[in-house]
Amino acid sequence: MSSSTQTILEHTQIPRHIAVIMDGNGRWAKKRFLPRVMGHKRGLDALENMVKRCAELGVQYLTVFAFSTENWRRPEDEVSFLMGLFLQALQKQVQHLHENNMRVKVIGNRSRFSEDIRTGIEQAERLTAANMGLTITIAADYGGRWDILQAANRLIQEGVTEITEDMLARHLMLPDAPEPDLFIRTGGETRISNFLLWQLAYTELYFTDTLWPDFDSAALDAAVQSFQKRERRFGRTSEQLPPEQQRSE
């Protein structure tokens, strides 16, 4: 796969690949005088709704930031709850995804997860590997800088002395997916927080104040509509774009 800095990506009205930072679970719970963990539980419901809507729209890849390398710094009881929620989703939700022809992948450093979670990941990926519908990638214990470093180190181990973009891209955590067309972050923050640093180079960014548990199908449709109004020039001028891709004033 070539980087979008080298090739001009095909324009599509519906994003082929959407990447999401699901932010605001804790604040959603706090506003309702609930424990933070209840926000995470409702956040899982929001993810299920988003998966369904992405499939309806014809999105091919959905990548979500479930747990970053920095999230280990959170309170121990919250981390423990998140791990349990992750395992529960792997055990209870994957069969439904499989029945709907969806593929599940997990990217990140698995070494710090419990044996039960690692086994659950492997079983989910194996069960859904041949499915041809929406690919759902869960980034867990993942960081963009770590991703680039692990790719570079693998190339060094292979004896590569001069690294090209193509070589590095093939060793990143999403080698088989197109680079994201649309990035969504909920919760009001306007940063990408070490998520897919290489892959987001030319992605259209969409930030919303909506807290993740409240991000429903209508909110996703609004993000897609915003994407459809963007000009994706990749270094060209507006005049070089086909008429249907030019933004109307």
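On a 1 Å grid over the protein atoms alone, a cavity is a set of points where a 1.4 Å probe fits but cannot get out, and lining residues have an atom within 4 Å of a point. A pocket is an open set with protein on both sides within 12 Å along at least five of seven lines. Keep those in mind for the tour.

A word on what's on your screen: this is a predicted model, where local features need pLDDT of at least 70, side-chain atom pairs count only at pLDDT 80 or more, and totals for chains, interfaces and linings use all residues. Residues are numbered from 1 along each chain as its sequence is written, and side-chain values use heavy atoms, with hydrogens and water left out.

**Stop 1: the largest cavity**

Select His17, Tyr61, Thr63, Arg103, Lys105, Thr135, Thr137, Leu174, Pro175, Asp176 and Ala177, and you have the lining of the largest cavity. About 70 Å³ of space lies inside; a volume here is the space filled by probe spheres set on the grid points, which are joined across faces, edges and corners. Now colour by secondary structure: strand 2, strand 3 and strand 4 each give this lining at least two residues. (Strands are DSSP runs of E, at least two residues, and helices are runs of H or I, at least four, numbered from the N terminus.) Sorted by class, the lining has four nonpolar, four polar and three charged residues. Ala, Val, Leu, Ile, Met, Phe, Trp, Tyr, Cys and Pro count as nonpolar, Asp, Glu, Lys and Arg as charged, and the others, Gly among them, as polar.

**Stop 2: the second largest cavity**

Next, pick Ala46, Asn49, Met50, Arg53, Phe215, Asp216, Ser217 and Leu220, which line the second largest cavity. Helix 2 and helix 8 (217–228) are the elements that give two or more residues to this lining, and helix 2 has the largest share, with four. The volume of this cavity is about 30 Å³.

**Stop 3: the largest pocket**

Which residues lie nearest the centre of the largest pocket? Show Met22, Asn25, Leu47, Phe65 and Ala66 to find them, out of 43 lining residues. This pocket holds about 1,100 Å³ of space. Helix 2 turns up again, supplying nine residues, the largest share of the lining. Overall, the pocket lining has 23 nonpolar, twelve polar and eight charged residues.

**Stop 4**

Rings of Phe, Tyr and Trp (its six-membered ring) pair if their centres lie within 6.5 Å; planes under 30 degrees apart count as stacked, over 60 as edge-to-face and the rest as tilted. That rule gives ten aromatic pairs. Zoom in on Phe65 and Phe195: their ring centres are 4.4 Å apart and their planes at 10°, so they are stacked. The two are 130 residues apart in the chain, with Phe65 in strand 2 (residues 61–68) and Phe195 in the loop between strand 5 (182–185) and strand 6 (204–207). Phe65 is buried at 9% relative accessible area, and Phe195 is buried at 0% (buried means under 20%, with a 1.4 Å probe and protein chains only).

**Stop 5: an edge-to-face pair**

Finally, select Phe86 and Phe113, an edge-to-face pair with 5.9 Å between centres and 70° between planes. Phe86 sits in helix 3 (residues 76–92), while Phe113 is in the loop between strand 3 (103–107) and helix 5 (115–128).

Note on methods:
Buried means under 20% relative accessible area, exposed over 50%, partly exposed in between (1.4 Å probe, protein chains only).
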